[in-house]
Every structure is written in C-alpha cells, then in structure tokens.
Amino acid sequence: MSRIAYFGPQGTFTEQAARRLAADDELFPVETISAALTAVRKGEAAGACVPVENSVEGAVTATLDGLAEDAPLVAVAEELLAVHFSVLTRDDVDTVRTVASHPHALAQVRQWLAANLPQARTVVASSTAAAAVAVQRGEYDAAVAAPVAVEHYPLRVLATGVADVPDARTRFLLLRPPGTLPGPTGHDRTSIVAAAANRTGALAELLTELAFRGINLTRLDARPIKGNFGLYRFFIDFEGHVIEPRIGDALAALRRRCNNVRFLGSHPRADGVAATIEQGAANQDFVNAADWVAAVRRGELA
Ligand SMILES: O=C(O)C(=O)Cc1ccccc1
C-alpha cells in the first residue's frame, strides 16, 4: 500500500476520483494542486491525484503549469467524473449573501446562482470542500460543493443536482514519478508539453507531424511561459500509447523539431474510446514500412 496525495481537503471531487484510481492505497489530502505534485517530487507520496480538465471551463491551469515545470511527473491513469453540485449552507443562515467555491465550480453553476440566489456575491475558495469548511466556520453563507461534502461537513443542503450543463465532466489524473509505464490497451491517451519556437508555422509543424501519422488529437491547450510575455507552451493530448510504433515515430519527430518536448504519460482513457486508425497508419503499416527500408538497405529489394 502506498501513500497518494490528493487535492483536498476531504470531500472534494478529486477525493472521489482518487478513491477510484487508487482504491487500495492510503489517501491523504493536501490544500493545493501544487502541494500534491510537490509531495510526489519530494518522495512524501508515491502518487498524486489532481483534476486536469473540465468540459465546461477547460484546463485546470495549476495542473498544467505544475506538470510543465520542475521535476517530470507522468500520468499513469485517469478518471472521468460527472459533476453535479450540492449547495450547502448553515442552519443559522436566512439570506444567502455570499457563495464560495472553486472557480471551476462557480463557472458551472452561474445560471443557477443567477436564477436562485441573485442577491449572493460569489467568492473563490481553493476547492469545493475548502468552501464547505469556510461556510462551517461562518466565513461565508453557502458553498457549491460535491454531494459527498455533507458527509464530512454537517451543513444544510439547500439544493442538489445543480449544474448549468447537465453532462458536465471533469477528468482527473493519477501522477507518479517517471518509471514503469502502464501497458497499451488500444484505447490510450498520450500527453506531451512542448514550447514551440516563436516563428511562423512552428505549432503547425508539430501538429502536422501527428496528422501525417494519422494520430487523432484529444486536447490542445496553450499556457503562457511565465517571465516570457508572448511565448507559450502547448499541451497536446492524442490517441495512442508511446509503446506503439506510430506513436513512437511521431514522438521522435516532435523531439527532432523541438528539443524541449516533455512526455507527460501514456495511459488508458477513462471513456474507453478506441484509437482511430487511419488508412496506412496502423502500427503494422509502420513496422512493414521499416522492414521494407531495412531490406532495401541490405540490398535485397529495390
Ligand atoms: O474542488 C474540488 O472539489 C475539486 O476537486 C476540483 C473541482 C472543482 C469543480 C469541479 C470539479 C473538480
């Protein structure tokens, strides 16, 4: 049994994801995403569970920035959670004047708040569960939190199943130090981050290397490189596993074009969607083509 840090405190959506991703491990909460990554880098945790993207608000920037900087970590598994919120308050609150939550949660209930608590001001908390703690302490009137939060923080449930977008989902990663990779399944995702050069077509060249090999992208995010205004890192997720010939070939090409490519992991997709294989771009096509070149070099074929 190993120790896994998760973005807490207790009762976050991330804790629920961690329970699924590391069911046999000892989980412990930390206050920020950055602290979860640091715990792994310092060897205080064998892994970390953090949110990475959301179908309504997009990237979780603390996770992306944390993965691009400092010692490398790799994603070995992911989990997808359907996200519906509960709105929690204290018994002594008559009128809700302040509503606290994680920025991604507030963004997903904007319309509900406008319709149901129009008088309330929103306040950002470090996580949904941290907002529940703050309400319990009397700092704010209500929290937008995960349904499980009431099991940890005895608050009054004002509303359940709150979500402006009914099928909103958040994806979470289990991150570990570089080591053994999970095996390929046919429904994998590979993630990289690269700082494309600041010249015409640099990003297009990276993407073209993937497109040429029939590799389907699943996400593209840009993040500023701090301290270098106007320069960006690109986080690129695509179908496939680094062990596959077509993916290995693409990664080698990206590395040729850009020597700061960082590999962020290959692992099974939580939604089980199988990789798209384009005509002439199956792994066997890559193997056959390499064999053909080898035969030509041996002088056996022309
Ligand atoms: O704050 C939490 O509970 C988290 O785990 C982050 C988050 C916030 C909003 C939606 C999904 C995950």
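Modeller: Quick definition before we start: a helix axis here is a line fitted to C-alpha atoms over the stretch in contact, and angles run from 0 to 180 degrees between N-to-C directions. Also, this is a predicted model.

Biologist: Which residues of the two helices make the contact?

Modeller: From helix 8 you have E205, L206, E209 and L210, and helix 9 brings in A250, A253, L254 and R257.

Biologist: And what classes do the residues in that contact fall into?

Modeller: Between helix 8 and helix 9 there are 5 nonpolar and 3 charged residues, with no polar ones.

Biologist: Left-handed or right-handed crossing there?

Modeller: Right-handed, as helix 8 passes helix 9.

Biologist: Let's switch to helix 2 and helix 3. How do their axes cross?

Modeller: Those axes cross at roughly 30° and come within 9 Å of each other. If you want to find them, look at residues 33-41 for helix 2 and 61-68 for helix 3.

Biologist: Parallel or antiparallel for helix 2 and helix 3?

Modeller: Roughly parallel, because the cut-off for that is an angle under 35 degrees. Helix 2 also passes helix 3 in a right-handed crossing.

Biologist: What meets what between helix 2 and helix 3?

Modeller: On the helix 2 side it's I33, S34 and L37, and they meet A62, T63 and G66 in helix 3. That contact has 3 nonpolar and 3 polar residues, and no charged ones.

Biologist: OK, zooming out. How is the chain divided into domains?

Modeller: Domain 1 comes in two pieces, 1-82 + 169-180. Domain 2 is 84-162, and domain 3 is 181-283.

Biologist: How far apart are the C-alpha centres of domain 2 and domain 3?

Modeller: They lie 38 Å apart. The C-alpha atoms of the whole chain fill a box of roughly 85 × 45 × 35 Å along the principal axes.

Biologist: How many helices and strands does the chain have?

Modeller: You'll find 10 helices and 15 strands.

Biologist: Last one: what share of the chain's residues is buried?

Modeller: Of its 302 residues, 41% are buried. As for contacts with a separation of 6 or more, 74% are between residues 24 or more positions apart.

Key: Residues are numbered from 1 along each chain as its sequence is written. This is a predicted model: local features need pLDDT of at least 70, side-chain atom pairs count only at pLDDT 80 or more; totals for chains, interfaces and linings use all residues. Helices (H or I, at least four residues) and strands (E, at least two) are DSSP runs, numbered from the N terminus. Angles under 35 degrees count as roughly parallel, over 145 as roughly antiparallel, 65 to 115 as roughly perpendicular and the rest as oblique. A crossing is left-handed if the near helix is turned anticlockwise from the far one by less than a right angle, and right-handed if clockwise. Two residues are in contact if their C-beta atoms, placed from the backbone, lie within 7 Å. Ala, Val, Leu, Ile, Met, Phe, Trp, Tyr, Cys and Pro count as nonpolar, Asp, Glu, Lys and Arg as charged, and the others, Gly among them, as polar. Domain bounds come from an automatic or database domain assignment. A residue is buried if 20 or more other C-beta atoms lie within 10 Å of its own, exposed if 12 or fewer, and partly exposed in between; C-beta atoms are placed from the backbone.
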